[in-house]
Amino acid sequence: MMSVVADAVAETGSLVRKVLSQSDQPLTVDQILSRLPAHLRVPAAELESHLATEGFSEYPASRGKRTFLDRTPTELARVLIRNALQRGPQTKSELAGSVAKRKALEAFGRKAVERVLDQMVQERQIYKLTPFVAARTPLFSLERENPRDYVRHAMRKVSEKLGLPLAALMTSVRELSSEFEESGAPPPGDASAQAVGEGAPDVQAEPVRTDDLGERLLQGIVEINPRALYGDLVLIAELRQRFDFQVDKPTFDGELLKLAGRHRVALHGFDRAGSLSDAERDQLVVDAQGRHFNAVSLRNAP
C-alpha cells in the first residue's frame with residue numbers, strides 16, 4: 001500500500017511535470033522542490049524515487065545530485081535547436097556545436113545532434129537555406145528563405161568590394177528600378193505580387209469561431225509539429241501565422257492564455273523581449289503580469 005507521503009507525491013505529479021516542461025535543462029530534486037508551492041513539497045528522497053520510476057529521463061548529475069527532465073535527449077535536442085534559432089539563422093557547425101556542448105547532452109554527442117537536425121529539416125520543422133551569394137555554407141533557420149535577406153547580403157558585399165556605404169548604392173538600385181519600369185518589365189518580385197493581387201481569385205479566409213478557437217489552436221500545434229504530442233515546443237509566431245486574417249492578436253493571445261489557465265498548454269517564457277523590434281515583440285504572447293512567451297507545448301503530453 002502506498003504511504004501517505006507517496007500519495008502526496010502522486011498528487012503533485014502533474015505540477016512536477018509542469019515545472020519540468022517549462023525548463024530547457026534537467027533539474028535536480030532540490031531545484032524542482034524549490035519551484036513547488038510550500039504546502040505541496042514532499043521529502044526529497046520520495047520525489048527522487050518518484051522521478052526515477054515514473055518514466056522521467058535522467059541526465060548527468062549536477063554537483064553530485066541526480067537530474068531529471070520530462071524529455072528524452074532527442075526531444076531536448078529538438079527544443080534546444082529551435083531555441084538557438086530564435087537568435088537567427090546559423091550554420092550546421094554553429095548550431096550543432098552550441099547544442100552538443102550543453103552538459104545535459106554531453107553523452108548524447110554532436111553526431112546525434114546533427115542527426116536530429118537533419119531529421120527536423122526533413123520534417124520541415126526548420127529550414128535549410130540556400131547559401132548566400134559567394135558563400136558555400138548553408139544556413140539553417142526557423143523561417144523559409146526571404147529574397148530580401150539575399151539582396152541585403154549581396155549589397156553589403158558590393159559595398160565592401162567598392163568601399164562605398166550602403167546608402168550610396170541605393171542610387172544605383174533606384175536607377176535599376178527605373179530601367180525595369182521604362183522597359184515595361186516588372187521589377188524582380190513584382191510578377192508574383194501581381195499574380196496574387198490581380199490574377200488570383202479573391203478568396204477571403206473564413207473567420208474562426210471564437211467558441212471553438214481553443215480546440216483549433218490545439219490542433220494547429222500538433223499539425224505544425226506532431227512531436228508536440230511528446231512534449232516538443234511550437235513557436236507561438238508559427239502558430240499565429242496559421243490564423244492570420246482569421247483571428248486578431250487580442251483574441252489569439254487571450255485564447256492561448258485561457259488554455260494555459262485550464263492546464264491544456266504550457267507557455268514558455270522569453271526574457272529577452274526588450275531586444276526585439278516592435279514587430280517581433282508583437283508575435284509574442286504577453287500575460288497580465290507583463291511576462292512574454294514565445295513558445296507553447298501541450299500539457300497532456302506523456
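Arginine 240 sits in helix 12, which covers residues 236–241. The structure is a predicted model, so please read what follows with that in mind. With a relative accessibility of 8%, arginine 240 counts as buried, because buried means under 20%. A polar atom of the arginine 240 side chain lies 2.9 Å from the backbone oxygen of glutamine 283. Leaving aside residues up to four places away in sequence, arginine 240 touches Lys249, Phe252 and Asp253, and also Asp282, Gln283, Leu284 and Val285.

Let's turn to helix 5. Helix 5 runs over residues 73–85, and its 13 residues reach 18 Å from first C-alpha to last, close to the 18 Å expected at 1.5 Å a residue. Is helix 5 largely enclosed or open? Since 10 of its 13 residues are buried, helix 5 is largely enclosed by the rest of the structure. Among the buried residues of helix 5 are Glu75, Arg78 and Arg82, along with Leu76, Val79 and Leu80.

Leu85 is also buried in helix 5, and it brings us to the largest pocket: Leu85, Gln86, Gly88, Glu143 and Glu280 are the lining residues nearest the pocket's centre. The space in this pocket is about 970 Å³. Strand 6 (139–141), helix 8 (147–162), helix 12 and helix 14 (278–282) each give two or more residues to the lining. Helix 8 provides the largest share, 3 residues.

| Class | Lining of the largest pocket |
|---|---|
| Nonpolar | 13 residues |
| Polar | 8 residues |

Notes:
Residues are numbered from 1 along each chain as its sequence is written. This is a predicted model: local features need pLDDT of at least 70, side-chain atom pairs count only at pLDDT 80 or more; totals for chains, interfaces and linings use all residues. Side-chain values use heavy atoms; hydrogens and water are left out. Helices (H or I, at least four residues) and strands (E, at least two) are DSSP runs, numbered from the N terminus. Buried means under 20% relative accessible area, exposed over 50%, partly exposed in between (1.4 Å probe, protein chains only). A polar contact is a pair of N or O atoms within 3.5 Å; within protein, one must be able to donate a hydrogen and the other to accept it, and residues adjacent in sequence count only if both atoms are side-chain atoms. Contact means heavy atoms within 4.5 Å. The expected span of a helix is 1.5 Å times one less than its number of residues. On a 1 Å grid over the protein atoms alone, a cavity is a set of points where a 1.4 Å probe fits but cannot get out, and a pocket is an open set with protein on both sides within 12 Å along at least five of seven lines; lining residues have an atom within 4 Å of a point. Grid points are joined across faces, edges and corners, and a volume is the space filled by probe spheres set on the points. Ala, Val, Leu, Ile, Met, Phe, Trp, Tyr, Cys and Pro count as nonpolar, Asp, Glu, Lys and Arg as charged, and the others, Gly among them, as polar.
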